Amino acid sequence: MPSEFRKVQIADVGAALQLLSEVYTDARRALAEFISNSADAFVIAEREGISRNWNCTVKIGRNQITVADNGPGITHARLLELPTHVTLSGKRGDFEQKGYKAIGLLAFASFCSEMRVASRAEGESETYEAKWTSDCLAHPDTNPVKIDRVLSHPLKGPGTTVVLSKVFEDRTHQLNIQTLLGFMRAEFSPDLRAKRYELILADNKESHKVKPGNYSGLPFPRLSLQTSQDEKIEVEFYLTHRPLYQKVALFVRGKQVIANIGDQAEFSEGPWKTGRVAGEIRCNFLRPTTGRAGIEHGESWRRFVETLKTIEEELQEQLDRIAEEQRGRQVYRMFKEINQALASVLSKLRWNELPKSAIAKGDSQVFPPGEGGVGPAGGQGKVLNPGDGAPPVAPRRSRLIDPTKPKRTGGSAATGFNFRELDFEPDANHLRSRYIPPQSLIEVNSSHIDYMLERDDDKRLRAYLSRLVVKEITLLNFRDMGESEIAEHMVELETALNRQLF
């Protein structure tokens, strides 16, 4: 028996049209199709030499939404063509325009039952209106789209107004002004950031000019990438030192298709899931799925993934550097707070009234005692040898001095403790900290396991650093006393310092 052939045909066109409208499961994304049409109209106008301050206004009513623009409008002939050109787009291959599947007009049926498209073309005086209903899709043969000239209340100038009425009750929660404001800010971010047009959302109570969201963090230096086939990928990233639930969105032809690239399996590891990278990826050679809820996978997606992954290591290095710099600033700030607290606390401990046996002796005596005890209270001691800085145990005021800068060669002791983080030598790595008398310097061992375990939590790190300072000050003054006395003075100072810090 010879082979037989049958041409694939749509048996029920109405059912197929309804299915196409139902790809928009989110009413906000369906509504965005009409804003996209306005944005594309502005692109066409600019190419034709028409220029003005483009704007698109979305007015939300009780059971109706109006999308109006001041674009070049739609001609009468084009209005007649639209119902017969579903899925036949003239925008294919045009990366400046957002639409290319010619099903956007069907989106109305996913959240309302009627749509009226009124338009006045550039250079014409007449306004024409096309009336679409859900029946036009379900039964196209018996319910064709009706196109008429508008006699009453025609548009005053070129532009298009789309009236979407009889909104379904179960979709209204997605179409309030606050919900739409955040969605449109993200959806049209590249256009809004480039100020290509003004987008306004309004209801009966308020009106908002939609502005693109601001990204926090430091800009990543790379701005574009090239695939193996010289396709361009534009990137705009901002990096933070700690997780802030940041996301990187993917835009195709100026519309957001993926809200967070880290949700894709190919980018489930690395910097994309840290919450520390925010921004946008703009890639026009990719193809969104119908309904723009994702990207069609294939060779173009593979090239995109491979190219984006080439900067993951560079991104991570930048993130690590930013985190380290921020942590350094945070530690500096903590030591400054500790110095300020010490200035308040030490003078109240009455250590100057301790008996003579409490005075530090031998090599550990870094300055002479004050009246009746250690020369602390108020920093009354003098430098033993000119040229050697001496640490005041109770500085009159707090001032951190960078230990890498030259010190003065004589005079009274400095007015605060210096500090420095560094990796101790292998034979000293068991030490958590140490004191360097000539520089009034407390060195913190940044490679000690305790430090590494505490460093990622600000509260615990502050407590750890203050504990090290307490240890060094107590040993500085009482190292020649018995273990019990040293411990008591350590607890005394730590308790007083904690009252001030925490």
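# Close-up views of a predicted model

Figure 1. Strand E1 (residues 55–60) runs parallel to E7, and five bridges pair the two. Within that pairing, Val 58 has Leu 201 of E7 as its bridge partner. This close-up, like the others here, comes from a predicted model. E7 also pairs with strand E8 (residues 207–209), this time antiparallel and over three bridges. One of the residue pairs to look for is Ala 202 with its bridge partner in E8, Ser 207. The link from E7 to E8 is a hairpin of four residues. How many of the five residues of E7 are buried? Four of them are, so strand E7 (residues 198–202) is largely enclosed by the rest of the structure.

**Figure 2. Strands E15, E17 and E16 form an open sheet.** Taken in the order E15-E17-E16, the three strands show mixed pairing. Strand E15 (418–422) and strand E16 (433–436) are the edge strands, each having a single partner, so one side of each lacks a neighbour in the sheet. From one strand to the next, the twist averages 25 degrees. The pairing of E15 with strand E17 (residues 441–445) is parallel and counts five bridges.

Figure 3. Which strands does helix H10 lie across? Helix H10 (residues 458–478) lies across E16 and E17, and runs at about 50 degrees to E16.

**Figure 4. The largest nonpolar core has 51 residues.** Which of its members touch the most other members? They are Leu 31, Phe 34, Phe 111, Trp 132, Leu 164, Met 184 and Leu 199. Helix H2 (residues 27–47) is the biggest contributor to this core, giving nine residues. For a closer look at one member, centre the view on Phe 34: leaving aside residues up to four places away in sequence, Phe 34 touches Val 67, Gly 104, Leu 105, Ala 107, Phe 108, Phe 111, Met 115, Val 162 and Leu 164. Another core, of 31 residues, lies apart from the largest one and includes Trp 351, Tyr 451, Ile 473 and Leu 497.

**Figure 5. Ser 110 sits in a loop and is buried.** The loop in question runs between helix H3 (76–81) and strand E3 (112–120). Is Ser 110 buried or exposed? Its relative accessible area is 7%, and buried means under 20%, so Ser 110 counts as buried. Once residues up to four places away in sequence are set aside, Ser 110 touches Ser 21, Tyr 24, Ala 30, Phe 168 and Arg 171.

**Figure 6. Lys 255 and Glu 33 form a salt bridge.** The closest N and O atoms of this pair are 3.5 Å apart. The structure as a whole holds 36 salt bridges.

**Figure 7. Two further salt bridges join partly exposed residues.** In one, the side chains of Glu 129 and Arg 116 meet at 3.5 Å, N to O. Glu 129 is in strand E4 (residues 128–133) and Arg 116 in strand E3, 13 residues apart. Glu 129 is partly exposed at 24% relative accessibility, and Arg 116 is partly exposed as well, with a relative accessible area of 27%. In the other, Asp 450 pairs with Arg 432, and their closest N and O atoms are 2.8 Å apart. Asp 450 lies in helix H9 (residues 449–454), while Arg 432 lies in the loop between E15 and E16, 18 residues apart. At 25% relative accessibility Asp 450 is partly exposed, and so is Arg 432, with a relative accessible area of 36%.

**Figure 8. A network of salt bridges links several charged side chains.** Which residues take part in the network? They are Arg 193, Lys 232, Glu 234, Glu 236, Glu 280 and Arg 282.

Methods. Residues numbered from 1 in each chain as written. Predicted model: local features only at pLDDT ≥ 70, side-chain atom pairs only at ≥ 80, totals over all residues. Heavy atoms only, no water. Pairing = 2+ DSSP bridges. Axes fitted to C-alpha atoms, helices over the stretch in contact; angles between N-to-C directions. Contact = heavy atoms within 4.5 Å. Buried < 20%, exposed > 50% of the residue type's maximum accessible area, 1.4 Å probe, protein only. Core = buried A, V, L, I, M, F, W, Y, C linked by side-chain atoms within 4.5 Å. Salt bridge = Lys/Arg side-chain N within 4 Å of Asp/Glu carboxyl O.
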